[in-house]
Amino acid sequence: MSLAAIWLTALIIIVSYRMGMFFDSAFFYWEGFMAITPLASIGTAWGLRKLRGMRSGAAAARGDDPDWRRIPLAAYGLFAIAICYGLSLLGHPASREGTIEQALRYTAYGAFLWTGFFWFAGRERPGHEQRRKWIPRRTVWLAVMQLSGLFVLGGALAGWMGWLHFPNLIMVTEDAELSASGARLAGFVQYPNTLGALAAAYLLCQWRLMAYARTKAEFLVPSAMSTLSGLVLLLTESRGAWIAALLGWLLAFVFIGRKSISRWLVFSGVSLIGIGVVYRIALPAVAVDRPATLPGSKAADWQLILLWLAGLLVLIGLFVAIQRLEPKLRIWQAAIFWGMSSAAAIAILPRVASGRLEGHYDTAAARTLFYWDSLKLISEAPLFGRGGDTWRMLFRQIQSQPYVGNEVHSGYLDIVLDLGIVGACVFLLVLAALLLRVWRCDRSGLIPIGVLLLHAGVDFDLSYGCYWLILIGFIVMHASDDGHSQLQQSHSPSPIRVTRAKSVCAIAALILLFVSALGSWRLDEANTLYETSSTAADEQHKEQLLREALERNPNLTQARLDLAELIPLPSREALLLAGLSREPDSPRLLFALGKAAAAQGQVPQAVAWMEEALRLDRYHAERQTKAVSAMVELAIASAKEGKREAAIQAAQAAVAMDKRYAQLTEEPLRVNGRRFERTEEAEEAAARSSELLQRLAP
């Protein structure tokens, strides 16, 4: 169990450090290891059981031994979502590459969930409390989560204070729409909003632990972590995370239990004061004087550390006092105390903290636009969706304004876009089954879990691997069977039926995990070859590397486009058409086909390909300009060769393309201060086309 805890902690840390595993290319290698983790777990448990049997002379299993037959069916749910993505390949996905990547991701998440249940969510050994050397599984998993949170949140704060350096750890901007202070903490995930959601979940988790603590040892770590979590939450300036934290705090009154409400109010109130004090010290480190670098003075560092320690001592003293006064403490008294503490915390906060709440809601309006546009895509394939990365691949062809939005900013809308209503129902059923398990075992766990799930509705947290691992970690932590939960009291189906269902699920999962591990490592090889090709010594070597990359991953569109630039024109079209069969609505491939046709003097084909590319990505100024310029050059070349009709067709196409381009720029389209502008190069190319048409006129 200790080795499993170390390995799973390492996975969360690695995934978080590698930019939260937002990019699939960074995830392939580790997805393979995550996929084989359940297989290794079964083998390890079997080996340990045999070893114990050899030592004791008997191989009988103990009641608390890890056993796949005790894993609830809900733990297989994420594998079902992976299978849904796999089934999307049988239709016409927007991107085969994106669909396969999502299938591999959910298989890896499922493997992590399964492993967590296997080792840490089983029933505790009877009488383990009397054994000094025995550490309860739930305590071990709590240590896993606290260490992971310390790395994610502590590493982010260390970057803010200048104690370590990491790319884009702080988002620096002069745009008041994006930041009130000029800098937002983004952490290893390089995105303030997702970091804010993780910090909010950890903050409420610490408050929950503080409310339930009965000894100083139980109280010490969460009280220290609460200040860290709250400080990181404020430094992200994430309004969505702040609102999710507030809603999560309110959920406590439903889930934490009446006996702990007074403690919840008192400890969360005092904690807010400490968070406000350290925030006031930490904020100037970046926000004003040094927006591009980190900070400061050593004095600020020591002030932060000393104030944090002082706040910790205050919380411990308050804990001791509460232990004595608790029988006399009433909820209404605790509520008054919380109100006074909250008012003090607000008074301590610097003025800039309220800047994010006082207007500047254009980004929220832009997201509303994303949501409306996503409904157009959903209506095109409502039942089964268009596979993985549907929004990223198709939003350009339906976007109503020239925004930049590779993410739809709603994890649940993303699921509907990818898998349709049917797949979304599967997703919700899986989620409901896991939450029901938490409800029956420890419903207070729904507080941090609820924060993460709420925030995922208004941002793209589900695209981050570290978000999923931490979410799964909270689920496992609160879904363990301690022998006193409602799991023991609930009526379950026939044991024989359950065992058969688990056997079927286990066999299917084993096959899926094996295929996923091999597939992940093969895609990682392809990605490595592609990255190596960019530093190849000559074009011949580069071509060889790109061909090997495509051999391992035929869906790697960018490698196909790069290879097309190196091979003869006659072969280029076949290569690009093969890619189009895997990514049918790709403006990049269509435009490359248009360029290839233009290079061969094939005017009708060039016009058709380029017009289709522009239809699918009309707000792409560079591509609009290149299309007009390419048609002009093709018209001039055709005219020189005496192909008058072809020259006229190409010149007319250039004028028509430029006219549509100009119409887009004249529309009153404005989002987040962006406006679609016409380039001078396109205007000049269109003028040349008009002149050529006049010369060619009979």
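Buried means under 20% relative accessible area, exposed over 50%, and partly exposed in between, with a 1.4 Å probe and protein chains only. The model is predicted, so local features need pLDDT of at least 70 and side-chain atom pairs count only at pLDDT 80 or more, while totals for chains, interfaces and linings use all residues. Residues are numbered from 1 along each chain as its sequence is written, and side-chain values use heavy atoms, with hydrogens and water left out.

**Figure 1. Overview of the protein.** The secondary structure comes to 26 helices and two strands; helices (H or I, at least four residues) and strands (E, at least two) are DSSP runs, numbered from the N terminus. Of the 698 residues, 52% are buried. Among contacts (heavy atoms within 4.5 Å) with a separation of 6 or more, 74% are between residues 24 or more positions apart.

**Figure 2. Two loop residues with positive phi.** Aspartate 389 is found in the loop between helix H13 (362-380) and helix H14 (390-394). Its phi is near 60 degrees, a positive value in a residue other than glycine. Aspartate 389 counts as buried because its relative accessible area is 14%. Glutamate 237, in the loop between helix H7 (216-236) and helix H8 (239-255), has a positive phi of about 55 degrees although it is not a glycine. Glutamate 237 has a relative accessible area of 3% and is therefore buried.

**Figure 3. Surroundings of histidine 478.** Histidine 478 lies in helix H17 (residues 465-478) and is buried, at 1% relative accessibility. Leaving aside neighbours within four places in sequence, histidine 478 is in contact with Arg138, Arg208, Val438, Cys441, Asp442, Gly445 and Pro448. Arg138, Arg208 and Asp442 are linked in a network of salt bridges. A salt bridge is a side-chain nitrogen of Lys or Arg within 4 Å of a carboxyl oxygen of Asp or Glu.

**Figure 4. Salt bridge between arginine 367 and aspartate 459.** The closest N and O atoms of this pair are 3.2 Å apart. Arginine 367 lies in helix H13 and aspartate 459 in the loop between helix H16 (446-456) and H17, so the pair ties together parts that are 92 residues apart in sequence. Both residues are buried.

**Figure 5. Salt bridge between aspartate 658 and arginine 678.** The closest N and O atoms are 2.3 Å apart. The pair links distant parts of the chain, with aspartate 658 in helix H25 (residues 644-666) and arginine 678 in the loop between H25 and H26, 20 residues apart. Aspartate 658 is buried, with a relative accessible area of 6%, whereas arginine 678 is partly exposed at 28% relative accessibility.

Figure 6. Glutamate 622 and lysine 626 form a salt bridge, the closest N and O atoms being 3.1 Å apart. Both lie in helix H24 (residues 621-640), four residues apart, about one turn of the helix. Glutamate 622 is partly exposed at 48% relative accessibility, and lysine 626 is partly exposed at 44%.

**Figure 7. Surroundings of asparagine 553.** Asparagine 553 lies in the loop between helix H19 (539-552) and helix H20 (557-564) and is buried, with a relative accessible area of 5%. Leaving aside neighbours within four places in sequence, asparagine 553 is in contact with Glu97, Leu523 and Ala526. The C-alpha atoms of asparagine 553 and glycine 519, which are 34 residues apart along the chain, are separated by 9.5 Å.
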